[in-house]
Amino acid sequence: MSIVITGANGFIGKNLIAHLKAHNYENIVEVTRETTEKELTAILKKAEFVFHLAGINRPINEAEFMAGNRDFTAKIIDTLKEYNTNCPILVTSSTQAENENPYGASKRASEDVVFSYKNETGTDVYIYRLPNVFGKWCKPNYNSAIATFCHNISRDLEITVNDPSVVLNLVYIDDVIEEFTKALTGHSNQVNELCEIPQVYTKQLGEIVELIYSFKSSREERAIPTMTEPFTKALYSTYLSYLPEDQFSYPLKMNVDNRGSFTEFIRTADRGQVSINISKPGITKGNHWHHTKNEKFLVVSGQGVIRFRKIESEEVIEYFVSGEKLEVVDIPVGYTHNIENLGDTDMVTVMWVNEIFDPERPDTMFLEV
């Protein structure tokens, strides 16, 4: 199947091409600004599906809107009709097509060209009036507020928010590409004459900025955003894609003594925290119990033993653990417990606790096992 993609070097084009290649679509023909008219004609003669993503949205003069949107779309349609390919076409329009401005008028005119093609030939056409699209690989400081905010905030650069109460309708690039792939196989989300991305987020600008700033501070606070909210999850992934390449890593505070070290890794408001505990050979840590706080221990390197004793009992329970056989040990409440390194090397334990440590309410009572 010969799949033609115009605007192949653009934000949506790059994501679409990467997705299609990852799903074993092979005959993908990329059309860019460097593609000549002769080359385009030869490409369209063999096309079996066209993703028409190219367009003009920030021209030097208004006349370029019609030339880059309506006229270029008409050139593609005329070529397809000339060679009687009856090739399906997907076109990215804009919600601006509903507005009376030069850009909106050019996108609406482009839609009309495509609808005429459908009426004349009976060919399947898919027109998506996209709102603001966000995600990885979108060019910052161009026409995407989210791309600009993610880029600038991650670099401690200034941003401008004239009105935080402005409401944006947004779609995430992965949702867009998933929907486009469904259209490719004839399963688009058709709503009357147009097609729509099923998941649209409606957010205030100030809320978006606040979230992005929280992502930046989360690295220092060892926090993770709440991923149960789909928009937060998508925006966080987007933010990470704009990190400077020399700042992918960040340091953690290691609490080191002669026994080894203890380092907090991740904190969450609703899922507790994860820490890394390193114990030197022969070292025992713990010897305490909790009322409500509960933990999970996972030894990933070295070998040792985890001991338990119910606080009113003298019976000691032992679990021998090793990085050679990964298993999680739950630390129940009401049991004093410790962990001892029985090996000749450092023992590394991943520890999860159900709540972030509160020095005012540590819920930790010391008692020898």
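The model is predicted, so local features need pLDDT of at least 70 and side-chain atom pairs count only at pLDDT 80 or more, while totals for chains, interfaces and linings use all residues. Residues are numbered from 1 along each chain as its sequence is written, and side-chain values use heavy atoms, with hydrogens and water left out.

I start with helix 5. Helices here are DSSP runs of H or I with at least four residues, strands are runs of E with at least two, and both are numbered from the N terminus. Helix 5 spans residues 145–154, and nine of its 10 residues are buried. Buried means under 20% relative accessible area, exposed means over 50%, and partly exposed is in between, with a 1.4 Å probe and protein chains only. The buried set runs through Ile146, Ala147, Thr148, Phe149, Cys150, His151, Asn152, Ile153 and Ser154. What covers them? The cover includes strand 6 (132–134), strand 7 (167–172), helix 7 (205–221) and helix 8 (230–241), where contact means heavy atoms within 4.5 Å. After helix 5 comes Asp156, with a positive phi near 60°.

On a 1 Å grid over the protein atoms alone, a cavity is a set of points where a 1.4 Å probe fits but cannot get out; a pocket is an open set with protein on both sides within 12 Å along at least five of seven lines; lining residues have an atom within 4 Å of a point. Points are joined across faces, edges and corners, and a volume is the space filled by probe spheres set on the points.

There is one cavity of 30 Å³ or more, and the largest cavity has a volume of about 50 Å³. Its lining includes His52, Asn69, Val91 and Lys107. Helix 3 (63–82), strand 4 (89–94) and helix 4 (102–121) each supply at least two lining residues, and strand 4 has the largest share with three. By class, this lining is two nonpolar, seven polar and one charged. Nonpolar covers Ala, Val, Leu, Ile, Met, Phe, Trp, Tyr, Cys and Pro; charged covers Asp, Glu, Lys and Arg; the others, Gly among them, are polar.

The second largest pocket has a volume of about 670 Å³. Of its 29 lining residues, Phe262, His288, Glu295, Met351 and Thr364 lie nearest the centre. Elements giving two or more residues to this lining include strand 11 (254–257), strand 13 (272–279) and strand 14 (284–289). The largest share, four residues, comes from strand 12. The classes here are 10 nonpolar, 12 polar and seven charged.

Last, salt bridges, meaning a side-chain nitrogen of Lys or Arg within 4 Å of a carboxyl oxygen of Asp or Glu. The whole structure has 19. Asp330 and Lys296 form one, with the closest N and O atoms 2.7 Å apart. That pair links strand 18 (residues 328–331) to strand 15 (residues 295–301), 34 residues apart in the chain. Asp330 counts as partly exposed because its relative accessibility is 46%, and Lys296 counts as partly exposed at 33%.

Are Glu340 and Arg307, another salt-bridged pair, buried or exposed? Both are buried; their N to O distance is 2.7 Å. Separately, shared partners join Glu98, Glu111 and Arg129 into one salt-bridge network.
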